[in-house]
Amino acid sequence: MTELSDDRPIISRRKTISNSYLHRLQRRHFILFDILPIVGTLAAVGFLTVQPFGVTELGLFFSMWLVTGLGITAGYHRLFTHRSYKAAPWVCAVLAIAGSMAGQGPVVSWVALHRRHHECSDREGDPHSPNLEGSGVRGRIRGLAHSHFLWMRRHDYPNVVHYAPDLLRNALVMRISRRYHVWVILGLVLPAAIGGLVGWSWQGAVSGLLWGGFVRMFVLEHIVWAINSFLHMFGTRPYESREHSRNAGILALVTFGESWHNNHHAFPDSASFGIDWYRFDPGYWLIKFLSIVGAVHDVGIPTTERRHSKRVRHHTVSGARS
């Protein structure tokens, strides 16, 4: 099932659905939320001749990037997809709306796609594996292009009746998911309104829209997509897992902790991707703070024994000791 414009349910129990109507929706989403941010980023560079980049633009870009990025990692990914912790309804609502403003799809659709990815990771059926396009340099380049960007144009759609029945039963999440386009627009209108009010000019509003809206969306999208693509080919591999996930600690801060990708695939039910306290993981920092104030509970962390049992021993990956 997907977010159809007239809320018609798809009752098939097939794991994936593929038809012309869904492909039209995918192409439209690809153009609006994947191509348009590229155009908006180019426009932002051109608009610098009218409105120089300043403190307001930096503040709007960073704040919107932080809110939507945490919405994706702490909300879409760790809470709704993997249920690695439990949260109060208001936390669920805030994280679902913040994640929706990122423009990466309605929460129910995102969850179904990601659960499908874990089920079939780096095997036939994985919607965005970089390792299924053949061997050699050409195959690796094709795989990276597919997994990073091109797969979103058209793909078999995971049936949410199969992959996300828990969310279908959650009235709050479904209300938010059905209003996905409202939240995306809100994520563009807010920085435009703030920029216009701060500068008290149309130039400030346009600059806020571009930097807090389109550039922010462009940057966050490519950060998330790099997890799908590069971190299934390059990086360290401290834990055993049946696919090709890798860690890249150097990217931990800008990816909100998502770049501990091998850790995540080894322990998908862990709310912490860094796992060790000294590893940068902003997504987990937010969850930990919310647990301290009592807004979330049952936060999953793998035991020392479980971690030890999955350790890779006595070999290197991609030239680096795990």
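Helix 9 has its buried residues covered by helix 1, helix 2, helix 3, helix 8 and helix 10 (202-228), among others. Keep in mind that this is a predicted model. Helix 3 also has a buried side, and helix 9 is part of what covers it.

**Helix 9**
- Helix 9 is made of 20 residues, and its first and last C-alpha atoms lie 29 Å apart, close to the 28 Å expected at 1.5 Å a residue.
- Its buried residues are Tyr180, Trp183, Val184, Gly187, Leu188, Pro191, Ala192, Gly195 and Gly196.
- Just past the end of helix 9 sits Trp200, with a positive phi of about 50°.

**Helix 3**
- Helix 3 covers residues 89-100, and its twelve residues should span 16 Å at 1.5 Å a residue; the end C-alpha atoms are 16 Å apart, so the two agree.
- Val91, Cys92, Ala93, Leu95, Ala96, Ala98, Gly99 and Ser100 are the buried residues here.
- The cover over them includes helix 2 (55-81), helix 8 (171-178), helix 9 (180-199) and helix 12 (282-292).
- Two strands belong to that cover as well: strand 2 (86-87) and strand 4 (296-297).

**Cysteines**
- How many disulfides does a search of the whole structure find? The count is zero.
- Cys92 has 12% relative accessibility, so it counts as buried, the cut-off being under 20%.
- Cys120 counts as buried too, because its relative accessibility is 8%.

**The second largest pocket**
- This pocket has a volume of about 230 Å³.
- It is lined by 15 residues, and the closest to its centre are Glu124, Gly125, Asp126, Pro127 and His146.
- Sort the lining by type and you get four nonpolar, five polar and six charged residues.

**Gln26 in helix 1**
- Gln26 belongs to helix 1, which runs over residues 20-47.
- Is Gln26 buried or exposed? At 8% relative accessibility, it counts as buried.
- Setting aside neighbours within four places in sequence, Gln26 is in contact with Met152, Arg153, Arg154, His155 and Tyr157.

**Loop residues with a positive phi**
- Asp122 sits in the loop between helix 4 (107-120) and helix 5 (136-148).
- Its phi is near 60°, a positive value in a residue other than glycine.
- With a relative accessible area of 9%, Asp122 is buried.
- Ile275 lies in the loop between helix 11 (261-266) and helix 12.
- Although Ile275 is not a glycine, its phi is positive, at about 65°.
- Ile275 is buried, and its relative accessible area is 12%.

**Ser241**
- Where is Ser241 found? Look in the loop between helix 10 and helix 11.
- Ser241 has 14% relative accessibility and therefore counts as buried.
- Not counting residues up to four places away in sequence, Ser241 touches Asn262, His265 and Ala266.
- From Ser241 to Ile275 it is 34 residues in sequence and 16 Å in space, C-alpha to C-alpha.

Methods: Residues numbered from 1 in each chain as written. Predicted model: local features only at pLDDT ≥ 70, side-chain atom pairs only at ≥ 80, totals over all residues. Heavy atoms only, no water. Disulfide = S-S within 2.5 Å. Buried < 20%, exposed > 50% of the residue type's maximum accessible area, 1.4 Å probe, protein only. 1 Å grid on protein atoms, 1.4 Å probe; cavity = no way out; pocket = protein on both sides within 12 Å on 5 of 7 lines; lining within 4 Å. Points joined across faces, edges and corners; volume = space filled by probe spheres on them. Nonpolar A, V, L, I, M, F, W, Y, C, P; charged D, E, K, R; others polar. Helix = DSSP H or I, 4+ residues; strand = E, 2+ residues; numbered from the N terminus. Expected span 1.5 Å × (residues − 1). Contact = heavy atoms within 4.5 Å.
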